[in-house]
Amino acid sequence: MAGKNKNKNDFPSVKKNFLYRLAYELLILITPFITTPYVSRVLGADGIGIYSYTSSIMTYFTLFAVLGTTYYGEREIAQHRDDKGEASKLFWEIELMTVITSSICIFLWIGVVIFSTEYRYYFLALLPLLFGSMADISWYYTGYEQIKYIVIRNFICKIAGILLLFVFVRTKNDLFIYILMNSAITLAGNLSMWTYLPRMLVKVDFCTLHFRRHFKETLIYFIPTIATSIYTVLDKTLIGIITEDSYQNGYYEQATKIVNIIKNVVFSSVNAVMGSRIAYLFAQEKYEEIRRRIQRSMDFILLLGYGAFFGLIGVADKFVPVFLGDGYGPVVSLLYAMAPLIIIIGVSNCLGSQYYSPSGQRIRSAKVIILGSVVNLCLNLVMIPWLGGIGAVAASVAAELVISVLYVNMSDGYMTVKMLWNCSFKRLIAGIMMCFVVILAGEFLRNLVIWRLVIQIVVGGCVYGAILIYMKDGMLLELIRMVWNAVLNKKK
């Protein structure tokens, strides 16, 4: 069995991993600008609504297939990564458990396909996602902070997906092909991760594996995951069931997709990179460094978050017709209502990814998430029949707000309301002023259509940045200095 043959200096730096992740997030940002306008026009709001509804049901099966191994596996590998033999044993134990749970879910999903009538073929097209869940070992690479391998895999899959989309999806009747293609690409991408694996594992005696010991721990991680899905996925399911209107689901899906793009840019890269590193620091008991990293991450997230929040409000009515085409007017009001989620989820996601999960406090966070899920479910049942998609948004905002407030209060001083306010008040002022300027610019440039939107975004970014520089925002000034020094060093 291999000993502790790696030290922390052998692992990629946080900055390097952040750049890898940022490059991928930029691809994620760019890809919808290529695919979403095309898909929204070809499949229409009803086709997208059917995809949203059927995939929301599949989400529950994929969650049960992997239980909580994504976060649990990442944490276990991060904490044992100095011992390659133990990390290899952990990998096979956790993966064996995933194979068993995924196989059960595959069997149950086949039953869904057989007994379904209206959407049988669409459910069948989603089946590869369960095999993809079985093969997903990205948690192992994340635990080792080997973000590079994940980014390369995802980059190739994204490019392949774009090419196949334009080749095979041509009319509204190609919805089955669209769903099957997305599922197959996910499966292929997860299988490709296994090609890198031999160089990261050592030989393990399979007779010594005891996967059952991980079951209880993965359930601890699974409970908040399934609870979270109640207000991230159940709303789509309930909209489909209650309204029986695929268009409503289509509008909601497109609004969610736009907000998710923004969320990926604002905080996904930071949290994905920092989670494993902080888990390692908790194992080393370096609490002051952890506190500093969490607070700096939150400062950065709120810097981008307030800009994105007010920017979305300013351009939504001009952006939707250009981006999605005709027939998506209801998406605008959904975006207005969803905009606060960028800030609210930014706070909870940062603390969840960088404090509660790395420190092993998933039970505490699970209780909060369950409470938020109950709030969301109750409000969904009351408000969706009354307001449709807007009701689902209101329920999500209320649930996320409950979770963020409790997360901050329970964070043992790693984050406080005072810290959040210190990071927020300058950005609030700058964001409000930016939003006013962006709306004004849109009114003056009515006849330019696409160029109007580009000008609004550029002017908005410049106004937001200029006001914060004038107000001496610490994080923005530090970022400017970092970029300036990097340019000078490159010239030298």
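This is a predicted model: local features need pLDDT of at least 70, side-chain atom pairs count only at pLDDT 80 or more; totals for chains, interfaces and linings use all residues.

Q: Why is helix 12 called roughly antiparallel to helix 14?
A: Look at the angle: the axes of helix 12 (residues 287-324) and helix 14 (residues 341-356) cross at roughly 160° and come within 9 Å. Angles over 145 degrees count as roughly antiparallel, so helix 12 gets that label relative to helix 14. The crossing of the pair is right-handed.

Q: What makes this a contact between helix 12 and helix 14, and which residues meet?
A: The cut-off is heavy atoms within 4.5 Å. On the helix 12 side, the residues that meet helix 14 include Arg293, Ile294, Met298, Leu302, Tyr306 and Phe309. Among their partners in helix 14 are Ile342, Ile343, Val347, Cys350 and Tyr355. By class, this contact has 14 nonpolar, four polar and one charged residues.

Q: What makes helix 3 and helix 5 roughly antiparallel?
A: Helix 3 (residues 84-115) and helix 5 (residues 128-135) have axes that cross at roughly 170° and come within 8 Å. With the line drawn at over 145 degrees, helix 3 and helix 5 are therefore roughly antiparallel to each other. Helix 3 brings residues including Glu95, Val99, Ile106 and Trp109, which meet Leu130, Phe131, Ser133 and Met134 in helix 5. Sorted by class, the contact has seven nonpolar, four polar and one charged residues.

Q: What is in the second largest pocket's lining, by class?
A: First, the space: about 280 Å³ lies in this pocket. Of the 15 residues lining the pocket, Val347, Leu401, Val405, Val408 and Leu420 are the closest to its centre. Helix 12, helix 14, helix 16 (389-409) and helix 17 (417-444) each give two or more residues to the lining. The class count is twelve nonpolar, three polar and no charged residues.

Q: What is worth noting about the phi of Asp412, and where is Asp412 found?
A: Asp412 has a positive phi of about 55°, although Asp412 is not a glycine. Its place is the loop between helix 16 and helix 17.

Q: What about the phi of Lys472, and where does Lys472 sit?
A: Lys472 is not a glycine, yet its phi is positive, about 60°. Lys472 lies in the loop between helix 18 (450-470) and helix 19 (474-491).

Technical notes. Residues are numbered from 1 along each chain as its sequence is written. Side-chain values use heavy atoms; hydrogens and water are left out. Axes are lines fitted to C-alpha atoms, for helices over the stretch in contact, and angles run from 0 to 180 degrees between N-to-C directions. Helices (H or I, at least four residues) and strands (E, at least two) are DSSP runs, numbered from the N terminus. Angles under 35 degrees count as roughly parallel, over 145 as roughly antiparallel, 65 to 115 as roughly perpendicular and the rest as oblique. A crossing is left-handed if the near helix is turned anticlockwise from the far one by less than a right angle, and right-handed if clockwise. Ala, Val, Leu, Ile, Met, Phe, Trp, Tyr, Cys and Pro count as nonpolar, Asp, Glu, Lys and Arg as charged, and the others, Gly among them, as polar. On a 1 Å grid over the protein atoms alone, a cavity is a set of points where a 1.4 Å probe fits but cannot get out, and a pocket is an open set with protein on both sides within 12 Å along at least five of seven lines; lining residues have an atom within 4 Å of a point. Grid points are joined across faces, edges and corners, and a volume is the space filled by probe spheres set on the points.
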